[in-house]
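Hi,

Here is the structure I promised to pass on to you. Please have a look at it first, and then read my notes below.

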Amino acid sequence: MAARIELNSLTLRYAMASTPAVSGLSCTIPQGSCVGVVGPTGAGKTTLLHSLAGILGKHHPELMVSGNVSIGDESFGGISREILFPRVGLVLQDPSVQISGVRDTVFEEVLFTLENVGAVGDDSDSRIQLILRQLGIEHLAHRKPTSLSGGETQRVALATILVARPEVLLLDEPISALDATAQARLRSILLHLRGTTTVLVTDTQIDFPLSVCDRILALDHGRAVVFAEPQQLLSNDQSLPMIGGWQRWRDIARELEGRSDSSHRDTTRILKAIHLA
Amino acid sequence: MTPRIDISVKLAVVLLLWVCAFAFSWMYQALLCLVVIAVRFTIPAFRPQSQRSARAFSRFLLYSAAVAFLVLLLNSLLIRGGTSYGTILGFALYEEGLLFGLRTASRLLLLTYAVLLFFISSPLKDLIRFLQTRGLSPSFTLILLLTLHFLDHLPARIHQIFLAQQARGAPVDAGVLARSRALLSLLSPLVLSSIVESIDRGTALELRGFLNRRTNCEASIPSGEGWNFLTILILILSMVILILTIFRWLPG
Amino acid sequence: MPSSIRRKIAEELTGAALPFVAFCIALNLTAGQLTAALKIPLYLDSIGTILVAVLVGPWSAVLCGSAANLLAAAFGNPTMMFFIPVVAVIGAFTGVLARLGWFRKWYLVCLGGIAQGVLAALVSAPISAYLFSGVMMAGTDFLVLYFRSMGNTLMDSVLYQGLASDPADKLVSYVIVFLLVKNLPQRLLARLHGAENLRPPERTQ
């Protein structure tokens, strides 16, 4: 069951840092939606994800926090100081470190997660098979996890998190090492998760989030610049140079609007179709 | 398929041989050494699990033979007591030293052969899983399994760093002092990268709920259901031998 | 295992410490590859244990050293099993010295290395003498032979050999680890339990 995420004037500052990593962030992420968090390097995307997963609070006790995060019905009075798995699952930027290295097959690697959360039962086998099938990696079930390609490793890493049925799924720059085919596969997985899991995806470029996300949250120097649906973003007159690829898509959208009598909504559909072709 | 003996039975056999190494005279110890070698070649469950194990066994046999010979020789030469059994290069060999050497060598061989037989015939992962069923904590289990993973990759990483440092002009072929300084330039990136990787891996483990893990066992391995009958029998035999030996040692 | 010890071990073994201890066990077993490549007459088979003692803690160092010797036995050198008490002492002693802040100053590191070597010689002597008659198929066997030919008992000979070689060996290992850790970034060390061992003490007003 997906969870709603509420950020209320969230500010996070590392000790000894002159500026906050995240500053005055306020937004509500509806349950079951997919939000793309975009911005340049150092914008605060990873910091935000880590704060939602609970790692930041746990490993940086000296972190200065103001504002509040709520996930579902739980409010943390700041951010969580404990890791929230399996409620919140995070796939790291380098998925290869997410593979434990202590299991001989992909199947056992995914089972490792169920053992950790105490969810091993009679249905474990079928639960794992289902996840592997949904991610298109059932043929890898008996392969060594350390012998896979980048895209396969990422899907296995995703499987190890999704098998625990998190309410929230966080993906840190998931497409950085993926080819076009693997990106398309990831896109269809995220579209499939709509409604059942709240997803946040970070990226320095807007291309991938545009094609899969319900909303885009653009960050720059830790501040939210815009939080809007893709079509609103593209028809926004505000200049957003910090978002990689924004200008290009803005130009395409304007070109299509100029040629067509259809509404902004159709523009977005056209853009998605172009992207998916 | 090779017939398998429960790991607990093998461990009990090691314990029995160790008790014998301290309880029996050198002649019986030497005989047991020969029995261990014969078992390695005859009983399928005690055969080496891999070529590497077989080579390790052969290598150790040669090494231990050399050690045993040196122990015998040095003690015969240096412990001067009892009858002289002849001379080597002008140095006399004495009975007391020879007996002491025989006792030491045969005990050492039996102790080491027992351990070696166990390890060459038992895959490490099976041993770790056995220990898990007997209560080894998830953290210790993970450390041991990760070590095996690192052992597969570390030599290549060391070689890579060696080549990279050599390309940077590290004095890997110069004098001892210069080469010692080069050692630091090799170890430093290795240790730093390992800390970074450990932090990432540790974070990933935490993100998968590992530190909150309650159960010791892997799902596919049932928790220990009591001891194998043969194991208990061998353990009882070991206890009996030990007790009888203690009684024999006690004065009066 | 008493619950107090379990608690101390659990405190040391943070998420990042688990893979690091595993890496150091592997390092103990493969460090010989480095010294062989450089043709340096050093063993460095305890370097991982000392690293863990300084950066994680004494209990983890005991685990590291013991596991390394156990695995060495498993890989074809069963004599290593009998020296588990020695490496356990190395790990525990080094961990205690690190907790006392001895790895902050080079002269304390040198003193600690020598003390460690003496302790290692004392603990290994009975094992080496009783089980091996002082024969380890190493160059130091000649030292044992020399001391025995001077009329010393086997135990004394092995002890003198240990005292002659172990302090120097451990001193070198300590200095190497000191040089490795002294410039490590604090933000990385903060994730390992032993970071406090290297941080300079805060000055009080």
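A word on terms before the domains: the domain bounds used here come from an automatic or database domain assignment. Residues are numbered from 1 along each chain as its sequence is written, while chains are lettered from A and ligands numbered from 1 in the order in which they are written. Please keep in mind that this is a predicted model, in which local features need pLDDT of at least 70, side-chain atom pairs count only at pLDDT 80 or more, and totals for chains, interfaces and linings use all residues.

On confidence, the predictor gives the complex an ipTM of 0.90 and a pTM of 0.88. Chain C has an average pLDDT of 89, with 98% of its residues scoring at least 70; pLDDT is the predictor's confidence in each residue, from 0 to 100.

Now to chain A. Its domain 1 covers 5-87 + 166-229, and domain 2 covers 98-165. Taken over C-alpha atoms, the centres of these two domains of chain A are 24 Å apart. In chain A, 12 residues of domain 1 are in contact with 10 residues of domain 2 (contact means C-beta atoms, placed from the backbone, within 7 Å). On the domain 1 side, helix α6 (residues 180-193) of chain A gives the most, with 4 residues. Helices (H or I, at least four residues) and strands (E, at least two) are DSSP runs, numbered from the N terminus.

The largest nonpolar core has 214 residues, and those with the most contacts inside it include A:A53, B:L110 and C:I25. Such a core is a set of buried Ala, Val, Leu, Ile, Met, Phe, Trp, Tyr and Cys residues joined through C-beta atoms within 7 Å. Helix α4 (residues 95-121) of chain B gives the most to this core, with 16 residues. Leaving aside neighbours within four places in sequence, C:I25 is in contact with residues including B:T147, C:G48 and C:L71.

Also worth a look is B:L146, in helix α6 (residues 138-167) of chain B. B:L146 counts as buried because it has 24 C-beta neighbours inside 10 Å; the cut-offs are 20 or more for buried, 12 or fewer for exposed, and partly exposed in between, with C-beta atoms placed from the backbone. Beyond neighbours within four places in sequence, B:L146 contacts A:G101, A:V102, C:P19 and C:A22.

Happy browsing!

How values were computed:
Contact = placed C-beta atoms within 7 Å.
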